[in-house]
Amino acid sequence: MASPALRALTVAALALPGLLPSPVRAEGDEFGFQYGRYEESGGPVSRFRSTGNSIHVDSLQASGSTRFFDRLKVQVNYSQDTWSGATPITTAPASAVNHIDNISGASVFWDVSRLAHFDPAKGVGTFLDAKTFRPGMTHETVQVMASASPETRKQGDLKLSYEWNEAALDIGGGNSIERDYNSRFFNLGGRLDFNQKLTSLTLGLSYTDSIIDSQRFSQRVISTPVLADTPIESRRLFPDWSLGVHDSRQDMALNLGLTQVLDKKSLLAAGFSYSNASGYQSNPYKESLFFAPLLAPQLLSPNPDTGLLSSLVFSQYDHRPQGRDQFTWSGHYVRHFDTVDGALHLDYRFFHDNWGINAHTFEAAWGQPFADGWIVTPKMRYYSQSAADFFRPYYVLDQTLAFDDYVNILLNGDRSKLKFPAHFSSDHRLSAFGTISGGLTINKQFAKGVNLEAGIEYYTHAGDFKLGGGGIGGYADFDYYLINAALRVDLSSSFTMAGGHGMHSMHGRHEHDEHSGHSAHGGHAPAGVMFDHMLDKADGFMVGYRYMYSLQDGDMLHGAHSTGDAAIVHNACGGGCSIAPQEMAMHMHMLDLMYAPTDWLNLMLMPQFMDMDMTLRRLQGGIDNGSGGHHHGGGSFGHETGGVGDTGMYALFKLYDAPGHHVHMSLGLSAPTGSVNRKIDGGEFIHYGMQLGSGTWDFKPSLTYTGQLERWSWGGQLSGTKRMEDRNESGFAFGDIFQTTAWGSYKLTNWLAASVRGVYTAQGKIDGRYIGPHGASGPMDFPASYGGQYWDMGFGLNATVPDGRLKGNHFGVEWLQPVKDDVHGYQLERDGALSATWGMAF
């Protein structure tokens, strides 16, 4: 039996924040859900760079586990990350690029009009001041930023664990998928306890096989001022001829760990890991600049006014070594202090690889429990690394070019006489730098088996912070922060029976309306029904999770009838359509949190996370109107987006309650937490239906009736969405929604019921339009092609675990099959929607 001090120490250890790099994992019979946000800010601002870093990442993690036969545990994990914004693709002397703040897309356009002379030996260049039109000189270096459409990575994995009295064995595997990168991984691990379980030894092995399939674009040559008057058609483009990267890499890793309980107040742990990576190690979208000095009288080099040499400047994609060996040593110490009932955590890690990087990480945290289940954990972190041997902000070739060589390179693209280094990269993540961060995590144990956690950590990244000095220049400095919120639920805790879950079907623009409720009245409604039940006891608490998938991939419709490409080309876009949607998939993850302050009032909070993917096709006879921005940087013809959706806040009121019959009303507000500013390549707004929320405050009322007789149950509902604002910040408002549904259910066994229902939905057109640049190439770019009338039939199953450790957990699934669409404008036909839900009440 562990001492109270050791139990407190363990609790404090578990309270440390599970931020983005450390996903939440379920233990035992448990469900876990976590959201994280990473966002960069700051960065040096000067006359050559007027904006800072802007990349941000939304991360979702969900985990569920259960035990069989007390010793066997099955754990399923899912995670996804969606990133968007601008990221550095290379580093350049400020005098060598023009309008760098306007660079967008996956490639860089180099404008030669700004480059007069750059002397790489002196690191000085001349430029033409855009305001005064006078020449100037500068040593400044800048990062060249590029933006692209939002991209999403999804990962799923499965782990099986078996425990003995003093040992455990884990085996697992999974897959990680994104547009240009696909990884499959396998892992094996074990733990051995001895010395009366005061000592634990762990061993882990893993193997990952990855496929890289990316499409890149060629880069323009950065040339000398004599080319300023040369027609652009005659300037030689310098592509890296392997534009597409089709390669693979393999990673193998070994992890060893030793944990020792020193006494009832302290614990010490040590670890070692080794990994070997072989194959493609480069970043396919990062570039490096190369300068070749010119010694040619025809180019007046050196310049008689400045004394600077001229240079031929061009770019090459990242080329890193094909192998990498990485070693990490770590130590962890925890000490509990009885006087304050808190625990101190100290960590140190040393990293080394054969690329020449050495890194140190120091961490300190204090876990402080308080009354009523609160734990507060502040933490500090310092990180420092040296640069890779082959890293440079930009490269100077160890040669000079004669005029004939210059002409041959420029006109014929012959690089055979250029002496490139074996490996090169200007990725600032391989540079020498340091980071300092501070964070705070707050953990609260609510009802038995329910734990909520929220954390924030703020980082400052700077070359000057490198241990011992010698870090990268200030041009790569920036700040970033991580925030997270996590929920953990013990599925084996005592609870009352949980009811069904629900959600509006999504039509037109995939409106995100979700609701749920719980009670013993009327049995379980289908999984796709909103607000079907209430908690009927004061101080009741409910936790639920839902997932919805909807797909559109049928014919293009105009009204209720199919239409061809010719009609779309000439009518859908004012006579200028060139593309149309081919497939639209939507995934939604949502938490349901419900509390009953009385037996007649329930309060609900429902945050959600969206993920959407649209594939486009060219219309036969389509008109290329040059709008651009519709081709994904990775070569796919389409777009994807994801992140936090709108957040629902609702109150449910019991109106009538009698044996076999129940009526309640809900009044809700939807807060516009989902972004309506998502953009694609070139800075254009993405299609209306792929924004993450409505952007407006919305009023959402509903009226629900449920009934039950023996094995039969039934119900009906009226609901709606009223936009409370005429326009959102992007200049438009989605149409109002009215929905009615009715269902019937029959209990097949004491734990399983089948249901059928009908749904009618009407939604108005979009009011207004984007107030910034947006596409006009397809029907999905026009407000008139959203909304309509929709008829559906749903078929579902509901199951409640009747006994055992998971007694009372409820699961529901429903497929919603479209019966008829009568759309506004021109829209893609719906294929169907799947709803899957889980819930339990305490």
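Select Glu 710 to begin: the residue lies in the loop between β35 (698-709) and β36 (712-723). Strands here are DSSP runs of E with at least two residues, helices are runs of H or I with at least four, and both are numbered from the N terminus. The model is predicted, so local features need pLDDT of at least 70 and side-chain atom pairs count only at pLDDT 80 or more, while totals for chains, interfaces and linings use all residues. Residues are numbered from 1 along each chain as its sequence is written, and side-chain values use heavy atoms, with hydrogens and water left out.

Most residues other than glycine have a negative phi. Is Glu 710 buried or exposed? Glu 710 counts as exposed, at 73% relative accessibility. Buried means under 20% relative accessible area, exposed means over 50%, and partly exposed is in between (1.4 Å probe, protein chains only).

Next, select Phe 69, in the loop between β2 (56-68) and β3 (72-93). Phe 69 is not a glycine either, and has a positive phi of about 55 degrees. With a relative accessible area of 75%, Phe 69 is exposed.

**The whole chain**

Zoom out. The protein has three helices and 43 strands. Of its 842 residues, 55% count as buried. The protein exposes about 34,400 Å², and carbon and sulfur atoms supply 60% of that area. Accessible areas come from the Shrake-Rupley method with a 1.4 Å probe, and for residues only the protein chains shown count as cover. Among contacts (heavy atoms within 4.5 Å) with a separation of 6 or more, residues 24 or more positions apart account for 71%.

**Gln 155**

Select Gln 155 in strand β7 (residues 141-163). Gln 155 is buried, with a relative accessible area of 18%. Which residues does Gln 155 touch, not counting those up to four places away in sequence? They are Asn 77, Tyr 78, Ser 79, Asn 175, Ser 176 and Phe 185.

**Ser 666**

Move to Ser 666, in strand β34. At 0% relative accessibility, Ser 666 counts as buried. Show the side chain of Ser 702 as well: the side chain of Ser 666 makes a polar contact with it at 2.3 Å. Leaving out residues up to four places away in sequence, Ser 666 touches Phe 531, Ala 651, Leu 652, Lys 700, Pro 701 and Ser 702.

**Aromatic rings**

Show the rings of Phe, Tyr and Trp (its six-membered ring); two of them pair if their centres lie within 6.5 Å, with planes under 30 degrees apart counted as stacked, over 60 as edge-to-face and the rest as tilted. The structure holds 31 aromatic pairs. In one of them, the ring centres of Tyr 274 and Phe 327 are 5.0 Å apart and the planes are at 40 degrees, so the pair is tilted. Tyr 274 lies in strand β14 (residues 266-279) and Phe 327 in strand β17 (residues 323-337), so the pair ties together parts that are 53 residues apart in sequence. Tyr 274 counts as partly exposed at 25% relative accessibility, and Phe 327 counts as partly exposed at 24%.

Then select Tyr 688 and Tyr 786, an edge-to-face pair with 5.9 Å from centre to centre and 75 degrees between the planes. Both Tyr 688 and Tyr 786 are buried. At Phe 685, look for Lys 679, which lies over the face of the ring at 5.0 Å from the ring centre. A charge sits over a ring if NZ of Lys or CZ of Arg is within 6 Å of the ring centre and within 35 degrees of the ring normal.

**The largest core**

Last, select Met 604, Met 612, Leu 652 and Tyr 688. Of the 37 residues in the largest nonpolar core, these touch the most other members. A nonpolar core is a set of buried Ala, Val, Leu, Ile, Met, Phe, Trp, Tyr and Cys residues joined through side-chain atoms within 4.5 Å. Strand β29 gives the most to this core, with seven residues.

Key
A polar contact is a pair of N or O atoms within 3.5 Å; within protein, one must be able to donate a hydrogen and the other to accept it, and residues adjacent in sequence count only if both atoms are side-chain atoms.
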